[in-house]
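The sequence and structure are shown first, and the description follows.

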Amino acid sequence: MTVAIGWGKIILLGEHAVVYGYPALAAALDRGVTISPVPTPAGGTLRLDIAAWNIAVKATDDHPVARSHAPIADNHGLGRPALTLVGDAQIPPGAGLGSSAALAVAIARALLSHARQPPTVAAISAAAAASETLLHGKPSGVDVALAIAGGIGVFRKSTGLRSFVTAPLRVLVGPSGEPRSTAAMVGRVAEATSSAPDDARLSELGNLTDTGTVALLARELAGLGAAMNRAHVVLADLGVSTPQLDSLCEAARVTGAYGAKLTGAGGGGAVIAIAPRDREAAILTEWRAAGVTGFVATISPAQT
Ligand code: PMV
């Protein structure tokens, strides 16, 4: 049986600005969502079953997960085959780690493989984007691009993902557990900037992506961390941080991180930090004391 994967992701720099055409530095996590298409011998309709997220729905159900994922089967022209898409997830849902794109990509891959259609990037990405558009309104596409490609790269709406090769990078990830809505946060930034792409804060976020990427490629992690710290301040000024995200980032910095910031849409979700190896355990302990169970993800170049 084929197992299809969609990678989770973090945005190191450039979230929100990426919606307005600026670059974002983003990386797939070494974990995500897997889906196996299992034929349902008794027949019936398409089902999705992910025990780790307490999801068990039929494509025909009046349920947000069913409504947002049925378009993937439609995009492939598959109707509602008698299949159960059995999933497993190693990332939390709704935490700013690209869970919805990872799920959409894994489902798109699983259905293509079941239908023996070629798993081209174009087919996977069109189907996953149909689902993401229903969930988020006008996604930039960064989540889907990373969920498909894995690895690390710079994403722009105009050019897509440009992957690059770098030495493995360790990133501390702290899912805050605070619920949030990507669409609401994108709306908040639109209000704060009057949707003007030349807003100085958006262009600063874009510049920070450039300086952070140059620092990462030169393996100057302190420079990358400084760009992340500044990006967090700018994102907070745009109204998408929370007291909890601010304090998790501050705890990481005072415990020795090179840099820390919220990742993804904000308003809750997750924080990330880059730190010297010998400070990682202490940062995770600080986060745990604040009620957050973090983990260290290793960002590696894509394998394929
Ligand atoms: O929080 P997430 O994983 O949904 O990330 C959203 C990233 C944004 O830049 C805020 C929106 C987008 O479509 O790129």
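Helices (DSSP runs of H or I, at least four residues) and strands (DSSP runs of E, at least two residues) are numbered from the N terminus. The model is a predicted one, in which local features need pLDDT of at least 70 and side-chain atom pairs count only at pLDDT 80 or more, while totals for chains, interfaces and linings use all residues. Residues are numbered from 1 along each chain as its sequence is written, and side-chain values use heavy atoms, with hydrogens and water left out.

## Salt bridges

A salt bridge is a side-chain nitrogen of Lys or Arg within 4 Å of a carboxyl oxygen of Asp or Glu. By this rule the model contains ten salt bridges.

| Pair | N to O distance |
|---|---|
| Arg67 and Asp62 | 2.4 Å |
| Glu204 and Arg230 | 2.6 Å |
| Arg253 and Glu250 | 3.1 Å |

Accessibility describes the setting of these side chains. A residue is buried under 20% relative accessible area, exposed over 50%, and partly exposed in between (1.4 Å probe, protein chains only). Asp62 is exposed, because its relative accessible area is 72%.

In the second pair, Glu204 is partly exposed at 26% relative accessibility, and Arg230 is partly exposed at 38%. The salt bridge between Glu204 and Arg230 is formed by their side chains. This pair links distant parts of the chain, for Glu204 belongs to helix α6 (residues 200-217) and Arg230 to helix α7 (residues 221-237), 26 residues apart.

Arg253 and Glu250 are three residues apart in helix α8 (residues 243-254), so about one helical turn separates them. Arg253 is partly exposed at 24%, and Glu250 is partly exposed at 41%.

## The nonpolar core

A nonpolar core is a set of buried Ala, Val, Leu, Ile, Met, Phe, Trp, Tyr and Cys residues joined through side-chain atoms within 4.5 Å. The largest such core has 99 residues, and those with the most contacts inside it are Ile10, Leu12, Leu48, Leu224 and Trp287. Helix α2 (residues 99-114) supplies the largest share of this core, eleven residues.

Contact means heavy atoms within 4.5 Å. Not counting residues up to four places away in sequence, Ile10 touches several residues, including Ala26, Leu97, Val171, Thr263 and Ile299.

## The ligand and Ser140

A residue is near a molecule if one of its heavy atoms lies within 4 Å of it. Which residues are the closest to the ligand? Of the 16 residues that surround the ligand, the closest are Lys9, Ser140, Arg180, Thr182 and Ala265.

A polar contact is a pair of N or O atoms within 3.5 Å; within protein, one must be able to donate a hydrogen and the other to accept it, and residues adjacent in sequence count only if both atoms are side-chain atoms. Polar side-chain atoms lie 2.5 Å from a ligand oxygen atom for Ser140, 2.6 Å for Arg180 and 3.2 Å for Asp143. The protein covers 95% of the 380 Å² of accessible area that the ligand has on its own, where areas come from the Shrake-Rupley method with a 1.4 Å probe and, for residues, only the protein chains shown count as cover.

Ser140 is placed in the loop between α3 (121-136) and α4 (142-149). Ser140 counts as buried because its relative accessibility is 14%. A polar atom of the Ser140 side chain also lies 3.3 Å from the backbone nitrogen of Val142. Beyond its neighbours within four places in sequence, Ser140 is in contact with Val18, Val19, Phe155 and Lys157.

## Two further loop residues

Tyr22 is found in the loop between β1 (4-13) and β2 (24-39). With a relative accessible area of 19%, Tyr22 is buried. A polar atom of its side chain lies 2.6 Å from the backbone oxygen of Pro197. Tyr22 and Thr209 are 187 residues apart in sequence, and 8.6 Å apart in space, C-alpha to C-alpha.

Ser176 is in the loop between β8 (169-175) and α5 (182-193). Ser176 is buried at 9% relative accessibility. Leaving aside neighbours within four places in sequence, the contacts of Ser176 include Gln244, Leu248, Gly268 and Val292.
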